[in-house]
Amino acid sequence: MTNIDPFQIPNALMELADDVQNFRVRFGTQLTVNQRRTLNTRENALRGVSVSLSALITHDAIDRITEPLAQLGEAIDEADEFLMAVESLRQALGTIARVLNLASSIITLMTPVTPVG
Amino acid sequence: MAKIREFSTLSNQAKERFPAIAGDFYRSCLRRVQYVPVSPLPSSEEPTIAISSDLGEVNNPGSTVISEEPLAQRIELKKRFCDGKHPEQELPDLQEIGPHFTRINGVVVSYVEKLGLVADPNLTNLDAEFDTLGASANNVASSARGLFLATQQPSVPNTPPAVISPEQLTGKVDAVVNIFGFVTELFMEGERREVLETMIVGSNADFQEVLDSLELIVDNFYIKSLLRAEEAALDQTYQEYITALETSDTFRSGSDVISVTNHLISLDNSWNEKKELIQSRRELAQAYIGVLDSLSGGHTLLFEIFTNGETPTEQQVQSIVDENSAALKNFIDKSKALNNKEIQ
């Protein structure tokens with residue numbers, strides 16, 4: 001059995017509708033109002049079925065990628081963990097820098113004052 | 001790396017513009033069903049057939065027949081084909097497809113953002129923290145030296161002797177800073193590569209599948225289906241109006257030709273403006289596909305590099321970032337062009 005790309009079916013229906021449209025435009029003013037309306041009806045019907053079918057296939061396609069999306073979500077979580085670890089590291093570095101500065105200030109405070117004179 | 005920051009800025013700008021495509025799925029359907037022509041002029045021929053329905057229910061008796069009256073038709077077509085309330089067919093509500101698409105796109109954007117953050121060598125600016133740490137260590141050593149020297153002054157006889165020399169203190173502080181630096185470097189180098197490799201190698205198949213689906217939705221559903229049908233409905237409506245004017249008794253009898261001609265020109269202009277808008281929406285959607293293709297190509301290249309047990313060079317990363325930035329910039333430009341046309 002030949003594999004048919006489902007998305008090609010709406011496309012084929014659109015092309016049929018294009019043919020109807022071309023016919024209607026080509027014979028334009030030679031057609032009666034009723035004939036034009038009949039052709040409009042057929043063109044609209046073909047395009048309507050095409051869009052509806054395409055919407056159904058799209059809906060189905062969205063359902064099918066639920067699993068890959070969840071996997072991507074896990075990869076995002078792993079990256080988040082790493083980024084949080086880096087952020088913790090940055091904060092730890094900041095804390096040490098502040099403690100050292102504080103130590104420096106304490107040592108300065110402890111410097112004995114030599115009386116003048 | 002400046003290029004990664006530029007990519008990140010562009011990515012943020014593009015992120016705000018992506019919903020314009022998803023939001024247009026439903027709106028395109030609404031515009032299409034609005035293009036059911038009203039009868040602008042009295043015609044010598046009375047319509048005698050039952051009027052259109054999109055699923056060919058013309059001869060189907062009962063509730064499925066759609067009214068002949070154009071305004072009633074518009075309301076009915078909207079309910080059936082945009083809102084998914086068809087009496088006989090189970091059709092999706094197009095208002096739901098847009099948010100689904102936005103959600104999927106949001107996951108892709110979030111994934112790419114995290115990838116960029118992990119890959120960014122300036123991540124959280126650790127170098128600056130190390131500089132501060134080094135400066136603080138020097139301050140401690142220098143203060144200690146001052147204290148040590150002061151304790152040697154004979155004018156303060158009762159000062160206790162220093163328990164640690166400035167050299168010893170400097171050595172201890174330096175050792176702590178160096179060990180911390182060493183551990184951090186190991187963590188950053190090893191972990192960053194590992195996280196990147198895990199993300200890219202482990203997610204490549206899923207990432208490509210999601211990108212393919214997004215491309216399928218935009219290309220087949222939006223461009224080739226919704227916009228195409230909308231454009232055809234637009235053409236049909238304007239062709240009907242123009243044909244009605246051209247074949248009108250007023251025009252044929254030659255009276256008021258200038259007025260009818262002016263009306264024809266005005267119709268033609270309005271038709272062209274609406275077609276131009278559809279074309280801009282199509283170009284925006286194609287630019288979006290360009291972004292997806294560029295992301296897909298870059299990810300595949302990194303996947304191949306990591307799978308071969310190698311690490312991407314800075315040049316390779318730059319080239320990928322450049323290509324992605326160019327695709328994003330093109331998308332943003334097309335989005336701005338569409339916005340300008342819409343507000344005109």
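How much area do chain A and chain B bury between them? In this predicted model, the two chains bury about 6600 Å² between them, and 70% of that area lies on carbon and sulfur atoms.

**View 1. Where chain A meets chain B.** Here we look at the interface as a whole. On one side are 67 residues of chain A, in contact with 84 residues of chain B. The size of an interface is often given as the accessible area lost when the parts come together. For chain A and chain B, that is about 6600 Å². Within chain A, the residues that lose the most area to chain B are Leu72(A), Phe82(A) and Leu93(A), which together make up 10% of what that side buries.

**View 2. The helices of chain A that touch chain B.** Helix 3 gives the most, with 28 residues. Sorted by class, this side of chain A has 34 nonpolar, 22 polar and eleven charged residues.

**View 3. The largest nonpolar core and its neighbour list around Phe331(B).** This core has 85 residues, and the members that touch the most others are Phe25(B), Tyr111(B), Tyr288(B) and Phe331(B). Helix 6 of chain B (residues 166-246) brings the largest share, 22 residues. Beyond its neighbours within four places in sequence, Phe331(B) is in contact with several residues, among them Phe18(B), Ile21(B), Leu284(B) and Tyr288(B). A second, separate core of ten residues includes Ala97(A) along with Leu133(B), Val140(B) and Ala144(B).

View 4. Why does Arg281(B) count as buried? Its relative accessibility is 9%, and buried means under 20%. Arg281(B) is found in helix 8 of chain B (residues 257-307). Leaving out residues up to four places away in sequence, Arg281(B) touches Asp24(B), Arg31(B), Tyr222(B), Leu227(B), Glu230(B), Leu338(B) and Glu342(B).

Terms used:
Residues are numbered from 1 along each chain as its sequence is written. Chains are lettered from A and ligands numbered from 1 in the order in which they are written. This is a predicted model: local features need pLDDT of at least 70, side-chain atom pairs count only at pLDDT 80 or more; totals for chains, interfaces and linings use all residues. Side-chain values use heavy atoms; hydrogens and water are left out. Contact means heavy atoms within 4.5 Å. Buried area is the accessible area (1.4 Å probe) that two parts lose on being put together, summed over both. Helices (H or I, at least four residues) and strands (E, at least two) are DSSP runs, numbered from the N terminus. Ala, Val, Leu, Ile, Met, Phe, Trp, Tyr, Cys and Pro count as nonpolar, Asp, Glu, Lys and Arg as charged, and the others, Gly among them, as polar. A nonpolar core is a set of buried Ala, Val, Leu, Ile, Met, Phe, Trp, Tyr and Cys residues joined through side-chain atoms within 4.5 Å. Buried means under 20% relative accessible area, exposed over 50%, partly exposed in between (1.4 Å probe, protein chains only).
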